[in-house]
Amino acid sequence: MKEKRKKEEGRKKKERGETNPGILIVNAVVEGHPGKVLVPLTSNDVSSTWFTLGYDDTSWTGAVTGIGYDTYVEYDPLIATDLEAQMHNVRASAYLRLKFELDLDGYQATSMSLRMRYDDGFAIYLNGTEIAA
């Protein structure tokens, strides 16, 4: 009985991000997170500052994550904003903007990790700085 209770406590701590003392795990962007997407007609349709913090994306289309398309059915369950009609055999790129804030509950952030499901490629900018590609 004691072992079962211990496992349950461990599961609850993991869900709260308390797996290691001093480490807080926060999922800042999860499936269904709201954002903006642009599938440009030409390269001139994308501002060279689209990835900066103060960029005005009000003309972009509202979207929720997962964003993309699949011509088969493998990834369909993961796609909430389907771009197949706009992109398939027509355009190679989509631009996404996802805003988030971290509530660190008194913790001081010293590092961050990125986990992403993707096919083909991506580049990630955080407040205007490229952090992954």
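A salt bridge is a side-chain nitrogen of Lys or Arg within 4 Å of a carboxyl oxygen of Asp or Glu. The structure holds two of them. The model is a predicted one, in which local features need pLDDT of at least 70 and side-chain atom pairs count only at pLDDT 80 or more, while totals for chains, interfaces and linings use all residues. Residues are numbered from 1 along each chain as its sequence is written, and side-chain values use heavy atoms, with hydrogens and water left out.

Confidence comes next. The mean pLDDT (the predictor's confidence in each residue, from 0 to 100) of the protein is 85, and 84% of its residues reach 70 or more. Helices (H or I, at least four residues) and strands (E, at least two) are DSSP runs, numbered from the N terminus. Among these elements, the lowest mean pLDDT, 64, belongs to helix 1 (residues 2–16), and the highest, 96, to strand 2 (residues 61–64). Where pLDDT is low, the predicted coordinates should not be read in detail.

Glu 31 sits in the loop between helix 1 and strand 1, and Arg 117 in the loop between strand 5 and strand 6, so the bridge ties together parts that are 86 residues apart in sequence. Both Glu 31 and Arg 117 are exposed, where exposed means over 50% relative accessible area, buried under 20% and partly exposed in between (1.4 Å probe, protein chains only). Asp 57 forms a salt bridge with Arg 97, with 2.9 Å between the closest N and O atoms. This pair also links distant parts of the chain, with Asp 57 in the loop between strand 1 and strand 2 and Arg 97 in strand 5, 40 residues apart. Asp 57 and Arg 97 are both buried.

Rings of Phe, Tyr and Trp (its six-membered ring) pair if their centres lie within 6.5 Å; planes under 30 degrees apart count as stacked, over 60 as edge-to-face and the rest as tilted. The structure holds seven aromatic pairs. The ring centres of Trp 50 and Tyr 95 are 5.0 Å apart and the planes stand at 80 degrees, so this pair is edge-to-face. Trp 50 lies in the loop between strand 1 (34–38) and strand 2, and Tyr 95 in strand 5, 45 residues apart. Trp 50 counts as buried because its relative accessibility is 14%, whereas Tyr 95 is partly exposed at 21%. Trp 50 also pairs with Tyr 125: the centres are 5.7 Å apart and the planes at 75 degrees, so the pair is edge-to-face. Tyr 125 is in strand 6, so this pair ties together parts that are 75 residues apart in sequence. Tyr 125 counts as partly exposed, at 29% relative accessibility. Ring pairs join Trp 50, Phe 51, Tyr 55, Trp 60, Tyr 95 and Tyr 125 into a cluster.

Tyr 125 is also one of the residues that Ile 131 touches, along with Ile 124 and Leu 126, not counting residues up to four places away in sequence; contact means heavy atoms within 4.5 Å. Ile 131 is found in strand 7 (residues 129–132).
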